[in-house]
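Dear colleague,

Please find below the structure that I am handing over to you.

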Amino acid sequence: ATEDVGMLVGYTGSYAGIAIQSLLPASFVLALRRRLRLRPPPRGPAAARGGGENPFGSPLRSDAWAYAILAWAALALLLITVSHLHAIKL
C-alpha cells in the first residue's frame with residue numbers, strides 16, 4: 001500500500017482524464033459515423049424532406065479529426081507514462 005496519496009491521485013487522474021476527455025469521445029464519434037454510413041438511405045416521406053447538406057453540420061466532419069484526437073491521446077499517454085516512470089527513478 002502506498003502512503004503517498006498525491007502519487008495515487010496523479011496516476012489515476014492522468015490516465016482517466018485522457019480516457020474521458022479524448023479516447024471515449026473520439027471513439028464514439030468514429031463508431032457512430034461508421035454506423036450511420038452502414039444504415040440504408042431513408043424512403044418515403046422522410047426521403048422527400050431530407051437530402052442535401054445539413055446546415056447545422058460540423059465543419060470538423062472528416063474522420064481525420066477524430067483520428068488526430070486519438071493520435072494526440074496516444075502521444076499524451078506516452079508522455080505521461082514516461083513522466084511517471086521518470087518520477088519513480090527506476
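Ala71 belongs to helix α3, which covers residues 63–88. With a relative accessible area of 46%, Ala71 is partly exposed, because that class lies between the 20% limit for buried and the 50% limit for exposed. Ser22 stands 49 residues away from Ala71 along the chain, yet the C-alpha atoms of Ala71 and Ser22 are separated by 9.7 Å.

Please bear in mind that this is a predicted model. The mean pLDDT of the protein is 85, and 86% of the residues reach at least 70. Of the elements, α3 has the highest mean pLDDT, 93, whereas helix α2 (residues 45–49) has the lowest, 63.

As to the overall arrangement, the protein contains 3 helices and 0 strands. Read from the N terminus, the order of the elements is α-α-α. The protein has 90 residues, and buried residues account for 10% of them. Taking the contacts between residues at least 6 apart in sequence, 94% join residues at least 24 apart.

Helix α1 deserves attention next. Ser14 lies in this helix, which spans residues 5–38, and Phe28 is also found in helix α1. Is Ser14 buried or exposed? Its relative accessible area is 16%, so Ser14 counts as buried, the limit being under 20%. Phe28, by contrast, has a relative accessibility of 52% and therefore counts as exposed, since exposed means over 50%.

The surroundings of Ser14 may be described as follows. A polar atom of the Ser14 side chain lies 3.1 Å from the backbone oxygen of Tyr11. When residues up to four places away in sequence are not counted, Ser14 touches Val9, Ile80 and His84.

For Phe28, the distance to note is the one to Ala66. These two residues are 38 residues apart in sequence, while their C-alpha atoms are 9.4 Å apart in space.

Asp63 is placed in helix α3. Which residues are in contact with Asp63, leaving aside its neighbours within four places in sequence? They are Leu30, Arg33 and Arg37. With Arg37 there is also a polar contact between side chains, and its length is 3.1 Å.

Finally, I turn to the empty space in the model. Rolling a probe the size of a water molecule over the atoms shows where such space is left. The largest pocket holds about 220 Å³ of space. Its lining consists of Leu32, Arg33, Leu36, Arg37 and Arg39. Sorted by class, that lining comprises 2 nonpolar residues, 3 charged residues and no polar ones. Two of the names in this lining, Arg33 and Arg37, have been mentioned above as contacts of Asp63.

Yours sincerely,
A colleague

Terms used
Residues are numbered from 1 along each chain as its sequence is written. This is a predicted model: local features need pLDDT of at least 70, side-chain atom pairs count only at pLDDT 80 or more; totals for chains, interfaces and linings use all residues. Side-chain values use heavy atoms; hydrogens and water are left out. On a 1 Å grid over the protein atoms alone, a cavity is a set of points where a 1.4 Å probe fits but cannot get out, and a pocket is an open set with protein on both sides within 12 Å along at least five of seven lines; lining residues have an atom within 4 Å of a point. Grid points are joined across faces, edges and corners, and a volume is the space filled by probe spheres set on the points. Ala, Val, Leu, Ile, Met, Phe, Trp, Tyr, Cys and Pro count as nonpolar, Asp, Glu, Lys and Arg as charged, and the others, Gly among them, as polar. Helices (H or I, at least four residues) and strands (E, at least two) are DSSP runs, numbered from the N terminus. Buried means under 20% relative accessible area, exposed over 50%, partly exposed in between (1.4 Å probe, protein chains only). A polar contact is a pair of N or O atoms within 3.5 Å; within protein, one must be able to donate a hydrogen and the other to accept it, and residues adjacent in sequence count only if both atoms are side-chain atoms. Contact means heavy atoms within 4.5 Å. pLDDT is the predictor's confidence in each residue, from 0 to 100.
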